[in-house]
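Hello,

Please find the structure below, handed over for your use. My notes on what was found in it follow.

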Amino acid sequence: MNDSIGKMISILQRKAQSYYTKFLKDYGISSAEYPVLFYLNGRDGVTQDEIVTELSIDKGAVTRILQSLSDKQMIERKKDDFDHRCNRIFLTELGKETHKPVHQAKENWNTILTKHMSDKEEKELTRLLSLAIQNLKESL
């Protein structure tokens, strides 16, 4: 194989960014915001650090994303009852309304990626990508 794994992942990432930007444009959601919105659905009260850890997104980037979502009135931040240095993140009603289009965008993207794969191949791809992510967590 002539292509490096890194190059292929880079191509997939750029294409995903373009796809999500186009698909979610009408909902006022950027490609940077959708993973956070998707993660927050059903997880009211998580902290910024939990988002950083779970999504493997830089803390500064998460701060900017949360500010943007707050400006769009899709989330609200509330001080933690016990640790006032910590904010808890909650989806607003508007934020909750984004779950359906965000979920649909994710499902459509997965369908595009796995179009010519058997169920076995799709499961193997998922397993291998999960293993690669675990390897990164252990190495970096």
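**Sheet, helix and loops**

I75 has L91 as its bridge partner in β3. That pair belongs to β2 and β3 (residues 87–91), two antiparallel strands joined by five bridges. Please keep in mind that this is a predicted model.

The sheet itself is open and has three strands, in the order β1-β3-β2, with antiparallel pairing. Its edges are β1 (46–47) and β2 (75–79); each has a single partner strand, so one side of each is left without a neighbour in the sheet. Helix α4 (residues 59–71) packs on this sheet, where it touches β2 and β3. The direction of α4 makes about 110° with that of β2.

Most residues other than glycine have a negative phi. Q73, in the loop between α4 and β2, has a positive phi, near 60°. Q73 counts as exposed, at 57% relative accessibility. S56 sits in the loop between α3 (48–55) and α4, and its phi is also positive, near 55°. With a relative accessible area of 54%, S56 is exposed.

Neighbours within four places in sequence aside, T92 is in contact with Q73, M74, I75 and E76. Is T92 buried or exposed? Its relative accessible area is 18%, and T92 is therefore buried, the cut-off being under 20%.

Next is helix α6 (residues 99–113). The helix has 15 residues and at 1.5 Å a residue should span 21 Å; its end C-alpha atoms are 21 Å apart, which agrees. Which residues of α6 are buried? They are P101, V102, A105 and W109. These residues cover an arc of only 100° around the axis, which puts them on the same side of α6. The face turned away from the buried side of α6 carries the exposed residues K100 and T111.

The loop between α1 and α2 holds S31. S31 is buried, at 13% relative accessible area. Residues up to four places away in sequence not counted, S31 touches Q17, Y20 and T21. Polar contacts join the side chain of S31 to two of these: one of 2.4 Å to the side chain of Q17, and one of 3.4 Å to the side chain of T21.

Last, D3 lies in the segment before α1. D3 is partly exposed, with a relative accessible area of 38%. D3 and M117 are 114 residues apart in sequence, and their C-alpha atoms are 20 Å apart in space.

Regards

Methods: Residues numbered from 1 in each chain as written. Predicted model: local features only at pLDDT ≥ 70, side-chain atom pairs only at ≥ 80, totals over all residues. Heavy atoms only, no water. Helix = DSSP H or I, 4+ residues; strand = E, 2+ residues; numbered from the N terminus. Expected span 1.5 Å × (residues − 1). Buried < 20%, exposed > 50% of the residue type's maximum accessible area, 1.4 Å probe, protein only. Arc of directions from axis to C-beta. Pairing = 2+ DSSP bridges. Contact = heavy atoms within 4.5 Å. Axes fitted to C-alpha atoms, helices over the stretch in contact; angles between N-to-C directions. Polar contact = N/O pair within 3.5 Å; in protein donor to acceptor, adjacent residues only side chain to side chain.
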